[in-house]
Amino acid sequence: MNFDFDDDQAALREFGLELAGRTEDAYWQEADLEYRFPQEFWDSLAEAGMLGIALPEEFGGGGKGLLELAIAVEGIAEGGGGMEGGSIFLAGPVFGGCLLDRHGTQAQKEAYLPGLASGQMCAGAFTEPESGSNITAIKTRAELRGDRYVINGQKVFISLVQQSQQIVVMARTQPYDPEHRTRGISLLLGDLPSDAVRTAPFKKLGNRFMDTNRVYFSDYEVPAENIVGEEGNAWGPLYDVLNPERIILGAAAVGTGNLCIRRAVEYAKERSPWGKPIGAYQSLQFPLAQARIHLESARLKVYQAAWLYDQGRDVGVAAAMAKYAAAHAALDAADWAIQVHGGAGYVVDSGIERHWRNLRLYRMSPVSDEMTLNYLAQQDLGLPRSY
Ligand SMILES: Cc1cc2nc3c(=O)[nH]c(=O)nc-3n(C[C@H](O)[C@H](O)[C@H](O)COP(=O)(O)OP(=O)(O)OC[C@H]3O[C@@H](n4cnc5c(N)ncnc54)[C@H](O)[C@@H]3O)c2cc1C
């Protein structure tokens with residue numbers, strides 16, 4: 001077992017750190033306060049070829065794997081980008097890129113992957129208001145009429161719909177069958193914007209740089225050839241989006257947690273209300289050291305999950321563990337970074353509280369703690385389904 005980065009991986013990490021370091025914290029603060037998408041940063045990622053890292057070279061990508069993407073994302077988050085700079089990668093590389101790379105037809109790859117590698121965005125519309133975590137109970141329907149699927153239904157909490165040129169919609173092409181809950185689910189790749197797709201954005205605790213919306217589909221037409229994978233049999237392809245999503249968010253969280261710890265340590269070395277730096281007190285040293293243990297452990301799990309994905313191996317349990325471990329480690333790190341900063345950590349100008357608000361999301365999204373633990377209880381421990 002070799003835990004060293006190879007040259008390309010080391011270079012990606014360094015470049016991620018450096019690229020993120022070019023952006024002032026004030027930029028992210030403004031995006032947060034104004035609910036503004038960081039278009040300039042996104043453009044710089046596209047220009048540097050970062051969005052296509054894990055996409056095949058023949059479609060304009062870098063020909064690397066999810067592991068390399070995770071390493072780059074972690075570097076960007078740690079270098080100052082935080083969850084904004086890290087989770088933004090879901091918008092194209094994961095929602096559209098991972099899905100089409102594994103399950104797209106040649107025509108779909110040719111039509112969409114070069115755009116995704118160079119800055120087009122793709123939203124992922126899975127969650128619905130009534131069914132929530134119980135995603136097999138979705139009601140959105142896609143009906144084949146001639147050479148088009150016509151989609152009707154409602155989704156909720158869908159991110160980046162207003163920025164995206166494409167959207168992957170999970171819809172039922174056959175009615176729900178309680179005996180075979182995952183059957184009859186299809187994934188359709190539609191183009192945006194469209195008059196048939198209406199959005200209503202939310203105000204939020206964090207993650208404000210991404211629009212998050214109620215989405216209403218009214219006779220939204222998608223060409224029949226844009227179905228991804230087999231009709232009614234998209235449960236497997238869906239998890240080739242949801243697992244990389246967990247892994248990339250885990251990488252972003254680890255980077256953000258380490259960013260928070262670095263800022264806390266810098267502050268703790270300077271701030272001296274009693275005449276010596278607060279970093280000399282064990283009451284602050286211990287939780288910071290513990291946070292580092294949890295972040296480093298989560299980091300290894302993120303890398304292992306990404307590696308398994310790249311090998312084409314079963315990654316469900318590892319991805320669930322990685323995302324859970326990373327989200328908790330990073331949230332705890334951000335919480336202690338606020339504590340170390342005292343009152344200064346609670347105000348916007350410190351650039352600390354924003355990370356806590358952003359990270360809080362990942363105890364409930366894209367899959368909640370409770371659903372993760374349900375899944376691990378069944379899949380890892382072999383215990384019965386409790387719900
Ligand atoms: C900012 C933001 C961005 C998002 N972006 C997207 C996106 O781009 N695309 C997308 O499709 N979705 C997105 N989501 C949705 C997100 O994935 C869901 O919020 C999440 O899956 C939880 O679903 P829910 O909110 O309906 O919670 P619910 O399912 O209503 O759950 C509520 C609570 O009950 C618990 N619970 C539910 N069922 C069980 C059970 N069986 N056992 C134990 N506990 C249970 C949950 O863990 C949770 O604590 C986003 C959400 C947010 C807040």
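What distance separates the centres of domain 1 and domain 3, taken over C-alpha atoms? The centres of these two domains are 19 Å apart. The model is predicted, so local features require pLDDT of at least 70 and side-chain atom pairs pLDDT 80 or more, while totals for chains, interfaces and linings use all residues. Residues are numbered from 1 along each chain as its sequence is written.

The domain bounds, which come from an automatic or database domain assignment, are as follows.

| Domain | Residues |
|---|---|
| domain 1 | 7-117 |
| domain 2 | 122-233 |
| domain 3 | 236-379 |

Between domain 1 and domain 3, 27 residues of the former are in contact with 27 residues of the latter; contact requires C-beta atoms, placed from the backbone, within 7 Å. On the domain 1 side, α2 (25-33), α4 (66-87) and α5 (93-103) each give two or more residues. Helices are DSSP runs of H or I with at least four residues, and strands are runs of E with at least two, numbered from the N terminus. The most residues on this side, 15, come from α4.

Buried in α6 are Y112, L113, L116 and A117, where buried denotes 20 or more other C-beta atoms, placed from the backbone, within 10 Å of a residue's own. The buried residues of α6 pack against α5, β1 (122-125) and β4 (166-172). Just after α6, G119 takes a positive phi of about 125°.

Definitions and conventions
Contact = placed C-beta atoms within 7 Å. Buried ≥ 20, exposed ≤ 12 C-beta atoms within 10 Å, placed from the backbone.
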